[in-house]
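Hi there,

Here is the structure I promised to pass on to you. Have a look at it first, and then read my notes below.

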Amino acid sequence: MSVALDTALWYEDLTGVPRMQDPAPVQMVEDTDAALVARARTGDFAAFETLVRAYRNEVYRLAYHFVRDREEAWDVSQEVFIKVYRSLGSFRGEASFKTWLMRITANQCKDYLKKGRVKTVEYNDAVETQESGETSGSGRDPARDAQAKEIGGAILKALDRLSMKHRTAFILREFEGLSYEEMAQVMGCTIGTVMSRLHHARKRMQASLRKLGFTEEK
Amino acid sequence: MKRWQKEIARRFDGAEQDAAQALATTPETRAYLDGLRQLRLGARSLPNAPHIADAQFPAFMEGIREGMAAGRHGMWGHPIWAMVSLSAAAFLVAFSVFMVWNQAGAVSASVVEKATTEIQGATVNAYTSESGTAVVWVESAQVDLW
């Protein structure tokens, strides 16, 4: 059974250096979102449903990175959209709809984790890695898979040791590929604070990975 | 956070990988950039997060609708409770008004018709003020009553 890939954020250039895709035409998307939000505010549920359909995976993916459980991420995502529907009146359009949505998602995940409602698990019937892009089954290198799984597990352990604000910064940058500006809107802080939190998150994760024996002291 | 770390990170996190590489000219800066790359590769080694397929979307949307409906009423938010409390408040107001308007007469102050005492040598006096307050007192010139 093949699994549809999410849209890749990263690609490798001819020299093999990972690069980020050029962002999609943002202005057109924002105009459409603004129109849909305006219609949803007036009670047009079909417009709201269109927004949910468009952004369900942004929300679900971000929730999954925090709670690391499919069912919990599903529940959190639904709660996010319920909250969004009730808060449409407070969306002023200063930030993009997407970053506003992700901000609500991050806050919802924070509340979820605070209440201890989630038992985080390391891996959850993962199908493929980002690097290999291969589905599970034949053709995989077991040794490479084991190594990737070990590194991934270490990354998750290191991530768990971070405070919420540092964890959020790392997830938004490394898993969601947000720019500093977008991160600032999601986290409700300045770009300088974003850079600082990201710097400290990376520093602490490197220290954790060193303790776990995955990186060398330099 | 040092300035050179900021500059390298900014280019590394933007679409300027070459510029980040160009800044890493010393062992310290190269180690820093390598550390950033290592973390990124480690994060990319994790499985892709799952997604909500189109086929799952109706169920996802249905859950949202159910959550909205449940939240709109809740247990005590149902409209029937608003009707009950409004009706109770209206009844209380009506009852109070009825009681005020249907009283037989104003409450009158007590009128002292007779006052006596069994204490020998003592006299009993009564006085009703203009406001209707009745005062009764006992006087005894010889004996301390307390």
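**Where the two chains meet**

About 4700 Å² is buried between chain A and chain B, and carbon and sulfur atoms give 65% of that area. Buried area here is the accessible area (1.4 Å probe) that two parts lose on being put together, summed over both.

Before going on, please keep in mind that this is a predicted model: local features need pLDDT of at least 70, side-chain atom pairs count only at pLDDT 80 or more, and totals for chains, interfaces and linings use all residues. Residues are numbered from 1 along each chain as its sequence is written, chains are lettered from A and ligands numbered from 1 in the order in which they are written, and side-chain values use heavy atoms, with hydrogens and water left out.

Chain A brings 54 residues to the contact and chain B brings 44, where contact means heavy atoms within 4.5 Å. Five salt bridges are counted between the chains (a side-chain nitrogen of Lys or Arg within 4 Å of a carboxyl oxygen of Asp or Glu). One of them pairs B:Asp13 with A:Arg202, at 2.6 Å from N to O.

On the side of chain A that touches chain B, α2(A) gives the largest share, 11 residues. Helices (H or I, at least four residues) and strands (E, at least two) are DSSP runs, numbered from the N terminus.

As for chain B, you will find five helices and two strands there, in the order α-α-α-α-α-β-β along the sequence.

Enjoy exploring!
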